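Open the model in your viewer and keep the selection panel at hand.

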Amino acid sequence: MSANIAAVIDLNEAVDPEDCGFDFDQFNLNNEVSNMESQMKDDRFVLNGLALRGQMTVIYAKPNAGKTLLVIWLLSRATRSGEIDGSTVYYINADDHHKGLIEKIKIANEAGFKMLAPGHLDFKTPLLEVILKDKIRKDTCGGVVVILDTVKKFTDLMNKSTSSGFFEVLRGFVSKGGTVILLAHVNKRRDEDKKVIFGGTSDLVDDADCAYTLDEISFDPQTLTKTVQFDNFKARGNVELKAAFSYSGDTVKNSYKDLMLSVKKLSEDDCFEADRVKAAQALTIANMEAIEAIKDILKSGTMIQSDIVEAAKDMGVSKRKILKALKDHDANNKSLPAESRYWKSTTTANKNSKEYTLQSCWEKLGD
């Protein structure tokens, strides 16, 4: 809709077509396709493999999962390489303390992109919509990248009526060639498969082109290294469906820049292994009651399956749970990492049953 038409009517009110004289042909885009193509940029990633220019991408994660660290790391690589023009990238940091903001501004200066923060230089969160609407009206959205960290500081994700208008503005900005990357939080609870669940209403996901969850896969207490993985659950374009990264979780000894230097993107094989570890962790949690009971029972030595079931019954653990755990965490189950296999089964001499023996840590290392 042109600025002249927009000035004639209030888009929030019903319009009587007999009074306004509008017709579908006024809005026909067929003759505008050349102009639209000239505005459309070739596919480039703002965040390598994850967020394409000209799209709205949302990333959901728990606090301290590393979403800000990884987004700034990926963004810095894109601007330093020249893949993206940093002078048109605006990272709006609305979720940081003063020291953290200073550290990230220094990184932004080195990488060549721009950082804003509510409460500084008179910038306030309501001004975001004002600026975006102005860019839409002037058609100056092309090539501009806006990153909101986090989106809840700009709209109420739990309130459909409040957030729908905000997302409509973002969608209008993207439709005119802009790029939006939104960082958001997940729910406190997980789903039945122990995966994180995006927070708020579904409007943000519905309006986004791409949506990811970011979750911690493992943490090494000796090296303080975290491994996390992006999982895509909505995609448009050739984006990665999974991407795993590792980085130092030692925030005591390391500066934010040190944490940035520790980031490593993992290979597809690493992603597969990360998925395997994550699935094993979820299975272990689900079977924990039976696992602890079986471990306690097998401390006295090798036992046949029926005796384990009977002993567990006295401990209040059902036969179904025991049999499932015995099968899931057997050393012969090679689908699980060695650390999630707690005992080894062998068939008895008469082949009528199985007997189980606890695995030692040395046996697991050699598995």
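**First stop: helix α10**

Select α10 and show what surrounds its buried residues: they pack against β9 (210–220), β10 (225–234), β11 (242–248) and α11 (288–298). Keep in mind that this is a predicted model.

Which residues of α10 are buried? Show side chains for Cys-271, Ala-274, Val-277, Lys-278, Ala-280, Ala-282 and Thr-284. Note that Lys-278 is on that list.

Now put a distance between the end C-alpha atoms of α10, residues 268–286. They are 27 Å apart. The helix has 19 residues, and at 1.5 Å a residue it should span 27 Å, so the two values agree.

**Second stop: an open sheet**

Select β13, β15 and β14. These 3 strands form an open sheet in the order β13-β15-β14, with antiparallel pairing. Which strands stand at the edges? They are β13 (303–304) and β14 (343–347). Each has a single partner strand, so one side of each is left without a neighbour in the sheet.

Zoom in on β13 and β15 (residues 354–358). The two run antiparallel and are joined by 2 bridges.

**Last stop: the whole chain**

Zoom out and colour by secondary structure. The chain holds 14 helices and 15 strands. Switch to burial: 42% of the 367 residues count as buried. Finally, turn to contacts between residues at least 6 apart in sequence: 62% of them join residues at least 24 apart.

Methods. Residues are numbered from 1 along each chain as its sequence is written. This is a predicted model: local features need pLDDT of at least 70, side-chain atom pairs count only at pLDDT 80 or more; totals for chains, interfaces and linings use all residues. Side-chain values use heavy atoms; hydrogens and water are left out. Helices (H or I, at least four residues) and strands (E, at least two) are DSSP runs, numbered from the N terminus. Buried means under 20% relative accessible area, exposed over 50%, partly exposed in between (1.4 Å probe, protein chains only). Contact means heavy atoms within 4.5 Å. The expected span of a helix is 1.5 Å times one less than its number of residues. Two strands pair if DSSP finds at least two bridges between them.
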